[in-house]
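Work through the exercises below with the model open. Try each task before reading its solution.

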Amino acid sequence: MKQYLQNIEEEIAVLRQEIIEHKVYAVINNLSDLRVFMKYHVYAVWDFMSLLKSLQINLTCTSVPWFPVGSADTRYLINEIVAGEESDVDGAGIRKSHFEMYLEAMEQCGASTVEINTFTTALKSGADFNTAYERADSPMAARRFVDFTFEVINSNAAHLQASAFTFGREDLIPNMFFTIVSDLNEKFPDQISLFKYYLDRHIEVDGDHHSHLALEMTASLCGDEAGKWLEAKEICIAALKQRIELWNGAYDEITRK
């Protein structure tokens, strides 16, 4: 299985580097630029949780009466990741999901949360995605990004969901961006501190421990089946291309502004 993982990592290396070196980071020079970036990024923070919960539904028993489902090792892996993402602690030690932390960081920074809240409220009320996008006036790049994520979710194929989650989401924020945010935080600590905490927490939890758990989970789900590994590689390539397009959308809006 190690050779399959290595093959995927080699195949996606160029795309990952393109994301890490994306031109959007170089144009984030002030709070106004950062607010635009966050407006796009928040969609990825939100649908990340939907992708994660779809894995939990597929890999564990989430209904009653309860029965053991699949491998106990895989159940442990996904449940630990969910616990960390859905009920982490903020800077004050209060339990929150990473999405809730992100919304608070947006509010502190002065980025409007009206759009993303309108979008999620519409979905809660039973609206379909197209209606929710229209009500919120969601950016087109964000719509395409979320649509792709839910195509993966609706495939109901755990190995595809795990691959998109593992290779398309984890550990993709470059050091350059942390430097930008740290510099802004020194100038505007009362407006950036929550976002800096979110990023620091992301690296501490997601970029290290969770990424290793996710790799184990993907390897377990694909096993020694070459066909599953090929599908896993194709889906993570598509996921990385979607992230590039999301960043392109943010870049275009920042530079137009």
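A polar contact is a pair of N or O atoms within 3.5 Å; within protein, one must be able to donate a hydrogen and the other to accept it, and residues adjacent in sequence count only if both atoms are side-chain atoms. The model is predicted: local features need pLDDT of at least 70, side-chain atom pairs count only at pLDDT 80 or more, and totals for chains, interfaces and linings use all residues. Numbering starts from 1 along each chain as its sequence is written, and side-chain values use heavy atoms, with hydrogens and water left out.

**Exercise 1. Describe the surroundings of Thr166.**

Step 1. Thr166 belongs to helix 9. Its relative accessible area is 6%, so Thr166 is buried.

Step 2. Take the side-chain pairs. The side chains of Thr166 and Thr218 make a polar contact at 2.8 Å. A polar atom of the Thr166 side chain also lies 3.2 Å from the backbone oxygen of Ala214.

Step 3. Complete the list. Residues up to four places away in sequence are not counted; Thr166 is in contact with Ala214, Leu215 and Thr218.

**Exercise 2. Pick out the backbone exceptions in the loops.**

Step 1. Recall the rule. Most residues other than glycine have a negative phi, and most peptide bonds are trans.

Step 2. Look for positive phi. Asp137 has phi near 55°. Asp137 lies in the loop between helix 7 (129-136) and helix 8 (140-154). Its relative accessible area is 57%, so Asp137 is exposed.

Step 3. Move along the chain. Asn156 has a positive phi of about 60°. The loop between helix 8 and helix 9 (158-168) holds Asn156. Asn156 is exposed, at 54% relative accessible area.

Step 4. Look for cis. The peptide bond between Val64 and Pro65 is cis, with omega about 0°. Pro65 is in the loop between helix 3 (31-59) and helix 4 (72-86).

**Exercise 3. How compact is the protein for its length?**

Step 1. Count the elements. The protein has 12 helices and 2 strands. From the N terminus, their order is α-α-α-α-β-β-α-α-α-α-α-α-α-α.

Step 2. Compare sizes. The radius of gyration is 18 Å, close to the 18 Å from the globule rule for 257 residues, so the protein is as compact as a globular protein of that length. The radius is taken over C-alpha atoms; the rule is 2.2 Å times the number of residues to the power 0.38.

Step 3. Along the principal axes, the C-alpha atoms fill roughly 50 × 40 × 35 Å.

Step 4. Check burial and contact range. Buried residues are 54% of the 257. Of contacts between residues at least 6 apart in sequence, 74% join residues at least 24 apart.

Technical notes:
Helix = DSSP H or I, 4+ residues; strand = E, 2+ residues; numbered from the N terminus. Buried < 20%, exposed > 50% of the residue type's maximum accessible area, 1.4 Å probe, protein only. Contact = heavy atoms within 4.5 Å.
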